[in-house]
Amino acid sequence: MPDLTPSALQERLTWRYAVKQFDAERKIPLDIWQVIEQALILTPSSFGLQPWQFVIVTDPQIKQQMPPRSWHQTQPLHCSHMVVLTARKSLDEAYVDRFLESVAQTRGVATETLSGYRNVIRQSVAQSTGQHLNWNARQVYIALGQLMTAAAMVGVDSCPMEGLDMAAYDQLLGLTDSPYTTVVGCALGYRSPSDKYASAPKVRFAAADIIKHI
Ligand SMILES: Cc1cc2nc3c(=O)[nH]c(=O)nc-3n(C[C@H](O)[C@H](O)[C@H](O)COP(=O)(O)O)c2cc1C
């Protein structure tokens, strides 16, 4: 049986909210941060391709430059760790082969035994030419969800952030000419005691409107 009771899970999910104001003095301890980073690494993705990079920003000089590039929101500056979730702009056979090498090495099998799997992935990649960034960005949002939930489980607050100038973030992080581009951000740290949104009731449609049992 898992240690987590259903009521404890419910409590964590309700505790999480999109933080508007972080306590700039509180930093996430290393051991807690490391498990949150594992949640990012362990995120599932289509075929397991992991078409992403997660840029973790703690450098105050870089964080300081973020609010003007974030619709003047201050969470990236005051949080402990600002995660910029990026997606690969495109996929190609070399990337698929690199992934399959990793599968072969990890599982101790010859790469040739994976040729069927390689063909299926290569076909998907070829068929979705021109849509790779869109496909990869959808995978990145899975990581965003996992990141926020994992953080809440260990008592760390977060704010998912789409209110970013993605091109300006790419420039700031040196991604412009890289294979990756900014998709979404997530500020992590600890809520400020004066953030009134912490006690605001959750706004959700009635369960009957959004859950259908058939
Ligand atoms: C993909 C995504 C992008 C968001 N972008 C922002 C943002 O830029 N700034 C912000 O303050 N909140 C942002 N939010 C937070 C949402 O407004 C918030 O999650 C929603 O209102 C539900 O409230 P709760 O998370 O507090 O339960 C974003 C949420 C998601 C999922």
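**Reading the model**
- Residue numbers start from 1 along each chain, following the sequence as written.
- Since the model is predicted, local features need pLDDT of at least 70 and side-chain atom pairs count only at pLDDT 80 or more, while totals for chains, interfaces and linings use all residues.

**The whole chain**
- You'll find 9 helices and 4 strands in the chain; these are DSSP runs numbered from the N terminus, with helices being H or I over at least four residues and strands being E over at least two.
- Starting at the N terminus, the order of elements is α-α-β-α-α-β-α-α-α-β-α-β-α.
- Along the principal axes, the C-alpha atoms fill a box of roughly 60 × 45 × 35 Å.
- Of the 214 residues in the chain, 25% are buried. Buried means 20 or more other C-beta atoms within 10 Å of the residue's own, exposed means 12 or fewer, and partly exposed is in between, with C-beta atoms placed from the backbone.
- Take the contacts in the chain with a separation of 6 or more: 81% of them join residues 24 or more positions apart. A contact here means two C-beta atoms, placed from the backbone, within 7 Å.

**The sheet**
- The 4 strands make an open, antiparallel sheet in the order β1-β2-β4-β3, where pairing takes at least two DSSP bridges between two strands.
- At the edges are β1 (52-57) and β3, each pairing on one side only.
- Neighbouring strands are turned by 25° against each other on average, direction ignored; axes are lines fitted to C-alpha atoms, for helices over the stretch in contact, and angles run from 0 to 180 degrees between N-to-C directions.
- Strand β4 (residues 180-189) is mostly covered, with 10 of its 10 residues buried.
- β4 pairs with β2 (residues 81-88) over 8 antiparallel bridges, and arginine 88 stands opposite tyrosine 180 of β4.
- β4 also pairs with β3 (residues 157-161), over 5 antiparallel bridges. Leucine 188 in β4 is the bridge partner of serine 158, and glycine 189 in β4 faces aspartate 157.

**Helix α7**
- Helix α7 (residues 132-153) packs on the sheet and touches β1, β2, β3 and β4, its direction making about 155° with that of β2.
- This helix has 22 residues and spans 32 Å from first C-alpha to last, close to the expected 32 Å, which is 1.5 Å times one less than the number of residues.
- Its buried residues include Asn136, Leu144 and Met148, and the buried residues of α7 pack against α2 (30-41), β1, β2, β3 and β4.

**Tyrosine 197**
- Tyrosine 197 is in the loop between β4 and α9 (207-210).
- This tyrosine counts as exposed because it has 12 other C-beta atoms within 10 Å.
- Leaving out residues up to four places away in sequence, tyrosine 197 touches Tyr17 and Lys20.
- Tyrosine 197 and alanine 18 are 179 residues apart in sequence, yet 8.0 Å apart in space, C-alpha to C-alpha.
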